[in-house]
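Here are my notes on this one, as numbered points. Have the coordinates open while you read.

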Amino acid sequence: MFSAQVSLLILPLLFGAVAHGQSEADLRKENDRLKERVLECETEIAALLRRIQLLEESARTAPSTRPLAEPAPAPSTVPTSESTPSAQLDIDPTLIPEESSDPDEIIHYERLRYIHVFGGNPLSKGSSSTDITRFQQQLDGWTVSEARLWRKTTARWTLRVTRSVRARDGHWTVEAAQPIPVPTKGEKQLTTRVEPVIPIQFTLKPRQGDSIRDALEGNGLVSVEGFVRLNLRMDEERPSAGAFSHQSRPFIGPYCDAVIGLDVQTITITRKDSP
């Protein structure tokens, strides 16, 4: 009891000493310094995590493992997710697949392509604001060229509708995501998804949307076929995939995340059910 009373008496004295010893400007500088250090740590951690991911993928694909700097010849199409999980693909980051059966494949490709072009950590801890601006300009140009390259890739995906809105002119704005398998009774969940589910965005013409209205409004499963519309975003406020960043968009690399869209050619109901 006595020690608790002494602590209560000492605390105001300590806070008073800090307040008198440091001005508001000093506290602001210290706060800015700590924020910069947090961002540096996040960048370092993100680079290490990407390096670990690459090493794990190389181990799974041994003995055919090859350095990223000397990519091996790869087929022009991506193996289906039923035969080979996208996280285990041994791919050539200099090529764009002609087909995709899994949205995760797109993000996996882009992360390797980012590293192939810019490296795992393109900016050092001592980079000046001029260096950062110059890099962001290069990155901005790269995101535009990447979007053009993916426009010829055909996506054949099964998605679950998460949100849909019908406009006055009849067009539907739809958000969907790859469904997470739910184990049946007696089965165990074999894998745990670490990253957020990738949001997919697309627009449907009135006749397309109205024909599957029940699935759109009931958050049902749909099978879509169309062309990939990858929107890489140069985000000046996202140097790393940390807790202080926009977690809803998949992280590609420092200052770069992604939104995936579709130019839908055909869409059908997979089965009429709800989550």
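1. The term here means a side-chain nitrogen of Lys or Arg within 4 Å of a carboxyl oxygen of Asp or Glu. The two partners come from distant parts of the chain, 44 residues apart, with Asp-210 in helix 5 (residues 206-211) and Arg-166 in strand 2 (residues 154-166). Asp-210 counts as partly exposed because its relative accessibility is 33%, and Arg-166 is partly exposed too, at 36%. For the cut-offs, buried is under 20% relative accessible area, exposed is over 50%, and partly exposed is in between (1.4 Å probe, protein chains only).

2. Some housekeeping. This is a predicted model, so local features need pLDDT of at least 70 and side-chain atom pairs count only at pLDDT 80 or more, while totals for chains, interfaces and linings use all residues. Residues are numbered from 1 along each chain as its sequence is written, and side-chain values use heavy atoms, with hydrogens and water left out.

3. The overall layout: the chain has six helices and seven strands, in the order α-α-β-α-α-β-β-β-α-α-β-β-β from the N terminus. These are DSSP runs numbered from the N terminus, helices being H or I with at least four residues and strands E with at least two. Of the 275 residues, 33% count as buried. Among contacts (heavy atoms within 4.5 Å) with a separation of 6 or more, 69% are between residues 24 or more positions apart.

4. Back to charges. The salt-bridge count comes to eleven. One of them pairs Arg-113 with Glu-146, with the closest N and O atoms 2.7 Å apart. This pair also links distant parts of the chain, Arg-113 sitting in helix 3 (residues 103-118) and Glu-146 in helix 4 (residues 129-150), 33 residues apart.

5. Another one to look at is Asp-235 with Arg-249, where the closest N and O atoms are 3.1 Å apart. Both residues lie in the loop between strand 5 (221-234) and strand 6 (251-253), 14 residues apart, and both are buried. They belong to a salt-bridge network that links Asp-235, Arg-238, Arg-249 and Asp-257.

6. How many of its 16 residues are buried? The count is 14, so helix 3 is largely enclosed by the rest of the structure. Its end C-alpha atoms are 23 Å apart, which agrees with the 22 Å that 16 residues should span at 1.5 Å a residue; the expected span is 1.5 Å times one less than the number of residues. Asp-102 caps the N-terminal end, with a side-chain oxygen 2.8 Å from the backbone nitrogen of Asp-104. Just after the helix, Gly-119 has a positive phi of about 90°. Arg-111 is in helix 3 as well and is buried, at 12% relative accessible area. Its C-alpha atom is 6.7 Å from that of Gly-253, 142 residues away along the chain.

7. What about the nonpolar core? The largest one has 39 residues, and those with the most contacts inside it are Trp-157, Leu-159, Phe-202, Leu-204 and Leu-262. A core here is a set of buried Ala, Val, Leu, Ile, Met, Phe, Trp, Tyr and Cys residues joined through side-chain atoms within 4.5 Å. Among the elements giving two or more residues to it are helix 3, helix 4, strand 2 and strand 7 (256-271). Leaving aside neighbours within four places in sequence, Leu-204 has contacts that include Trp-172, Leu-216, Val-264 and Ile-267.

8. Finally, check two backbone angles. Most residues other than glycine have a negative phi. Asn-219, not a glycine, has a positive phi of about 55°; Asn-219 lies in the loop between helix 6 and strand 5 and is partly exposed, at 26%. Tyr-255 has a positive phi near 65°; Tyr-255 sits in the loop between strand 6 and strand 7 and is buried, with a relative accessible area of 11%.

Conventions:
A polar contact is a pair of N or O atoms within 3.5 Å; within protein, one must be able to donate a hydrogen and the other to accept it, and residues adjacent in sequence count only if both atoms are side-chain atoms.
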